[in-house]
Amino acid sequence: MGTHELIPKAPGRNHSQCGVELEIVKATDVCKLQEHFLSPGMTQDSDIIIGGMFPLSLYVNVPDLHYRTKPKEFSCTGFDFRAFRWLQTMIFTIEEINKEPNILPSITLGYKVYDTCNINALRAAMSLLSDVGDEVQNSTCNGAASVPAIIGEAGSLQSSIIASSTGPFQVPIVSYFSTCTCLSERRKYPTFFRTAPSDYFQTKALAQLVKHFGWTWIRALANDDDYGRFGIQQFIEQVTEFGVCVAFSYILPKIYNADKISQIVAVIKRSSAKVIVVFSPEREMLQLVQEIASQNVTGIHWLASEAWITGAVLYTEQFLPYLEGAIGFSFRRAEIPGLREFLLGVKPSPNEGSSYANVFWEELFACKLKLPENTTEGSTTRARLCTGSESLEGIDAIYSDTSQLKSIVQRVQRRLCHCQRTESLKLV
C-alpha cells in the first residue's frame, strides 16, 4: 500500500557479510483497499456527505473465537426503536438545514449511515473516513476524509474510541447520547462535541436523591465501559460525602456472560441493601433484568442512569413487577416543530436504502413484508404479512415519543454555522 519492500539481491561483489545485500525497490504508487468491512444501510448523495453512526441492532451474537482461522463476522439481531428515532432525527435535521438557504448557501447535505451494532463503531468510523474508492493513486495513501463530520455514537466508550481515532483527521464527532465526563477532556478529544449533558450533573443529582430519601445503605452496579465506570465512581464519591455506605459495587459484563450475571443477581438476592443504583446502557441492563425476573428478585428500589430509565425495551409487562418504582433523570424536554410528523411519515419500501425502515416496520407491527428480496435480517420470522398501509398514528412506542429529544436540530445548525465560519469543516 504505497510502501517500499526489501528484496534480497543475488550474491555478488557488493553483498553484505551474510552473503545477501538488501535493495530497496519501490512496490507501487497505488493504495488499494484490502477489504470492505461494513456496508452503509442508508445513503443520500449530495454536495457534502455527513456520516451517521447508530446502534440499531439490539443484540450481538459472538462467534466462537479459537484463534486458528479468521473469525466469522459478529451477527446482530433485534431492533432498537429509540436508535432508529435518533437516526430519523438526523435525517430530519439535514433536510431542515437544506431547506434553509441562509445556513449553507448553494450547498446541500447528504448522509451515509451505519448500524454500529454496539461493536462496530470503529469500523464504521474508519469506513466513513476512508471511503474514497477501492484505489488511491497516491504513494503515501494520504487524502482528505470522505466526510467532514460524523454524528455518533450513542455509547460513551464507542465515542471515546472513535474520537481518539478520528482526532488526527480533524473530523468533528457530534454525539447525541454520550454523557461520560471523561469526554469533556478537550486536550484528549479536541474534535468531540455532544448535545447531551455530562454525567457530572447526573451523578450530583442522583446523590441528592439518595440524600433526600434518607437512604444510607445502598448497592452499586456499573457497565464495563467508560460510561459505567466513570459514572459510578463519581456517584460513590458524591454519596460518601453524605455518610452513605455502599454495600458492594459490581461491574456488569459488556459481552453477555450468563454465569457472571447469575452470580451478581444471587448476591443481590442475599443482600440486605434494597437500594441499587445502576449506571448501564439499556442493552446490558436488559440482560440483568432478565436474570432478576428469572430468580424472582423483588422489593428493590432502583436508581437509574439516563441511559436505561427511558429505555422502552425494559418496561414491559414481563419486567414491570421487578422495575416498578425505578427513579432516574432524563434530558430536559424539548419540542422540535415538525419532527413528530416526520417520524410518523416513515414507510416501508422495496427501494435500496430502505432496509432499516423495513426492519422497523416488521418489528413494530409483528409481520413480514412481501418484498422481491427481503433481506431484513434484523427482524424475526413472522407468519403474518404486512400490508405496508399500517398506521403509525396511535402506536404507543418510544420511536414516536419526541419529548425526550434534545433540540439537536438547532444545535447542529449552530455547530455547522460555527464550523463554516472557522473553516474547521473544509467545505470545498
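Visitor: Looking at Cys367 and Cys386, are both buried or exposed?

Guide: Both Cys367 and Cys386 are buried. Please keep in mind that this is a predicted model.

Visitor: What makes Cys367 and Cys386 a disulfide?

Guide: The distance from S to S is 1.8 Å for Cys367 and Cys386. The cut-off is a pair of cysteine sulfur atoms within 2.5 Å, so Cys367 and Cys386 are joined by a disulfide.

Visitor: Why is the disulfide of Cys367 and Cys386 called right-handed?

Guide: Its torsion about the S-S bond is about 100°, and therefore the link counts as right-handed.

Visitor: Which handedness does the link of Cys76 and Cys117 have, left-handed or right-handed?

Guide: That link is left-handed, with -110° about the S-S bond. The disulfide joins Cys76 to Cys117 at 1.7 Å from S to S. Cys76 belongs to strand 7 (residues 75-77), while Cys117 is in the loop between strand 8 (109-115) and helix 2 (121-130), so parts 41 residues apart in sequence are tied together.

Visitor: How do you know that Cys117 is buried?

Guide: Its relative accessible area is 1%. Buried means under 20%, so Cys117 qualifies.

Visitor: And why does Cys245 count as partly exposed?

Guide: Cys245 has 41% relative accessibility. Buried is under 20% and exposed is over 50%, so Cys245 falls in between and counts as partly exposed.

Visitor: Let's turn to the rings. How many aromatic pairs does a search of the whole structure find?

Guide: The search finds 17 aromatic pairs. One of them is Trp86 with Tyr176, whose ring centres are 5.0 Å apart and whose planes are at 45°.

Visitor: Why is the pair of Trp86 and Tyr176 called tilted?

Guide: Planes under 30 degrees apart would be stacked and over 60 edge-to-face, with the rest tilted. The angle here is 45°, so the pair is tilted. Trp86 is in helix 1 (residues 81-99) and Tyr176 is in the loop between strand 11 (173-175) and strand 12 (192-194), 90 residues apart, so the pair links distant parts of the chain.

Visitor: What makes Trp86 and Phe177 an aromatic pair, and why is it tilted?

Guide: Their ring centres are 4.7 Å apart, and the limit is within 6.5 Å. The planes are at 40°, so this pair is tilted. Trp86 is in helix 1 and Phe177 in the loop between strand 11 and strand 12, so parts 91 residues apart in sequence are tied together.

Visitor: How do you know that Trp86 and Phe177 are buried?

Guide: Trp86 has 9% relative accessibility and Phe177 has a relative accessible area of 12%. The cut-off for buried is under 20%, so Trp86 and Phe177 count as buried.

Visitor: Which residues form one aromatic cluster with Trp86?

Guide: The cluster consists of Phe54, Trp86, Tyr176, Phe177 and Phe331.

Visitor: What sits over the ring of Phe193?

Guide: The charged end of Arg186 does, 5.2 Å from the ring centre. The distance limit is within 6 Å.

Visitor: In helix 2, which residues are buried?

Guide: Ala121, Ala124, Ala125, Ser127, Leu128 and Leu129 are buried in helix 2. Their cover includes strand 5 (48-54), strand 8, strand 10 (150-151) and helix 3 (156-166).

Visitor: What makes Ser127 buried?

Guide: Ser127 has a relative accessible area of 13%, and under 20% means buried. Leaving aside residues up to four places away in sequence, Ser127 touches Leu38 and Tyr114.

Visitor: In which sense do strand 13 and strand 14 pair, parallel or antiparallel?

Guide: Strand 13 (residues 217-223) and strand 14 (residues 245-252) pair in the parallel sense over six bridges. Leu221 stands opposite Tyr250 in strand 14. With helix 5 (residues 226-240), these strands make a right-handed β-α-β unit.

Technical notes:
Residues are numbered from 1 along each chain as its sequence is written. This is a predicted model: local features need pLDDT of at least 70, side-chain atom pairs count only at pLDDT 80 or more; totals for chains, interfaces and linings use all residues. Side-chain values use heavy atoms; hydrogens and water are left out. Two strands pair if DSSP finds at least two bridges between them. Helices (H or I, at least four residues) and strands (E, at least two) are DSSP runs, numbered from the N terminus. A crossover is right-handed if, with the strands pointing away from the viewer, the path from the first strand over the helix to the second runs clockwise. Rings of Phe, Tyr and Trp (its six-membered ring) pair if their centres lie within 6.5 Å; planes under 30 degrees apart count as stacked, over 60 as edge-to-face and the rest as tilted. Buried means under 20% relative accessible area, exposed over 50%, partly exposed in between (1.4 Å probe, protein chains only). A charge sits over a ring if NZ of Lys or CZ of Arg is within 6 Å of the ring centre and within 35 degrees of the ring normal. Contact means heavy atoms within 4.5 Å.
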